[in-house]
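Please look over this report on one protein model. It goes through packing, strand pairing and charged contacts in turn.

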Amino acid sequence: MGFKCGIVGLPNVGKSTLFNALTESAAAQAANYPFCTIEPNVGEVPVPDPRLDRLASIAKSAAIVPTRLTFVDIAGLVRGASKGEGLGNQFLAHIREVDAVAYVLRCFDDPDVVHVEGRVDPIEDADTIETEVMLADLESLERRLPILEKKIRGQEREAKKTLELVERVLPLLREGRPARLAEIEDDERAAFRALGLLSAKSVLYVCNVGEDAAATGNAYSARVEERARAEGAGCVIISAKIEAELAELGPEERRAYLTELGLAEPGLNRLIREGYKLLDLITYFTAGPKEARAWTVPVGTRAPQAAGVIHTDFEKGFIRAETIAYEEYVALGGEAGARDAGKLRLEGKDYVVKDGDVLHFRFAN
């Protein structure tokens, strides 16, 4: 399943440096001038999950296959992007294609790195991004109004539902508030997504700090954390420079460097996990002698659809899912122990998969 998290931000905030470290490659050209990232660079990264290693050890698996998340490094945005300034049209088109966005905000002082607006203010940077995507949404919906009204006069029922959503979102945008703050009922979500609104996407704030603030944050990142809390959004403090250095080190050197910096793990691990959570995803596992593997599904996925992630035939011929909770699998020493203890459950088509489930699907050919 192709879940994509876009990395967005103003030029020269460390987006491409972060992306390079994230993918441990030089796929994105990181340079100290605006618009060095013209086409969106795409990188798949494994989602760190210590549970998978534990399962593999218990199941004596020959291979370990983590689940993956796609990050897209998108061209830097500048004020006026909604009107085509800078690479605005490309930015807006590329952000439309991702499922969620991580706003990389500059939270460091460095006279050698030019800020596109000549100052360091992460809240202003976030507001600039939000304003441009909201203006693009506002223009899109206002263009759509007369078309919808015409369809309603033609007795198109779906057009009436769409118009109700549009009229609910427009006041938010006109007040300078993103579409993701609109109150949407569960049965409206598909129609809401179909509007294709940029400001409806979930947001994660990424505070790019200097090396000396990687473990503790700083005054800049504290302001961003406060904003994130007020919005109920996620926030990660990370030093792109440190992450770039870590990406060049071997496992032992990396551990030693992290210890020296007072960090328990690379900041990228937190970023990946937060991006995963941002997309409202969960992980289930399969484990056996051949491999232990993690699989990604959205929250609320039922067992047949979860099986279909492995192979479409599994969903079509689904019979049941043999299910063990991760904690019980570990505590009881694997599948055999869980079965003997009565902790292996047989779940049917209506079962909603839970994060950490260890599953074995039965299906008819």
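## Surroundings of Leu 278

Leu 278 is in contact (heavy atoms within 4.5 Å) with Cys 5, Ala 100, Val 101, Ser 202, Val 203 and Leu 204, leaving aside neighbours within four places in sequence. Leu 278 lies in helix H10, residues 267–278. Helices here are DSSP runs of H or I with at least four residues, strands are E runs of at least two, and both are numbered from the N terminus. With a relative accessible area of 15%, Leu 278 is buried. Buried means under 20% relative accessible area, exposed over 50%, and partly exposed in between, using a 1.4 Å probe and protein chains only. Ala 233 is 45 residues from Leu 278 in sequence, yet 8.6 Å away in space, C-alpha to C-alpha.

## Basis of the model

This is a predicted model, with residues numbered from 1 along each chain as its sequence is written. Local features need pLDDT of at least 70, side-chain atom pairs count only at pLDDT 80 or more, totals for chains, interfaces and linings use all residues, and side-chain values use heavy atoms, with hydrogens and water left out.

## Strands S6 and S7

Strands S6 (residues 202–209) and S7 run parallel, joined by five bridges. Pairing requires at least two DSSP bridges between two strands. Between S6 and S7 the chain passes through helix H7 (residues 219–231), and this β-α-β crossover is right-handed. That is, with the strands pointing away from the viewer, the path from the first strand over the helix to the second runs clockwise.

Asn 208 stands opposite Ile 238 in S7. Strand S7 covers residues 234–238, and four of its five residues are buried.

## Nonpolar cores

A nonpolar core is a set of buried Ala, Val, Leu, Ile, Met, Phe, Trp, Tyr and Cys residues joined through side-chain atoms within 4.5 Å. The largest one has 52 residues, and Leu 69, Phe 71 and Tyr 103 have the most contacts inside it. Strand S5 (residues 100–107) gives the most to this core, with seven residues.

A second, separate core has 19 residues, including Leu 148 and Leu 165. Beyond four places in sequence, the contacts of Phe 71 include Cys 5, Ile 7, Phe 19, Leu 271 and Ile 272.

## Asp 49

Asp 49 sits in the loop between strand S2 (41–46) and helix H2 (50–59). Its relative accessibility is 17%, so Asp 49 counts as buried. The side chains of Asp 49 and Arg 51 make a polar contact of 2.9 Å. Such a contact is a pair of N or O atoms within 3.5 Å; within protein, one must be able to donate a hydrogen and the other to accept it, and residues adjacent in sequence count only if both atoms are side-chain atoms. Asp 49 also touches Thr 283 and Phe 285, not counting residues up to four places away.

## Salt bridges

The whole structure holds 24 salt bridges. Each needs a side-chain nitrogen of Lys or Arg within 4 Å of a carboxyl oxygen of Asp or Glu. Arg 362 and Glu 322 form one, their closest N and O atoms being 3.0 Å apart. This pair links distant parts of the chain, 40 residues apart: Arg 362 is in strand S12 (residues 358–363) and Glu 322 in strand S10 (residues 318–324). Arg 362 is partly exposed at 35%, whereas Glu 322 is buried at 8%.

Glu 291 bridges to Arg 293 at 3.6 Å between the closest N and O atoms. Asp 127, Glu 130, Arg 180, Arg 227 and Glu 231 are linked in a salt-bridge network.
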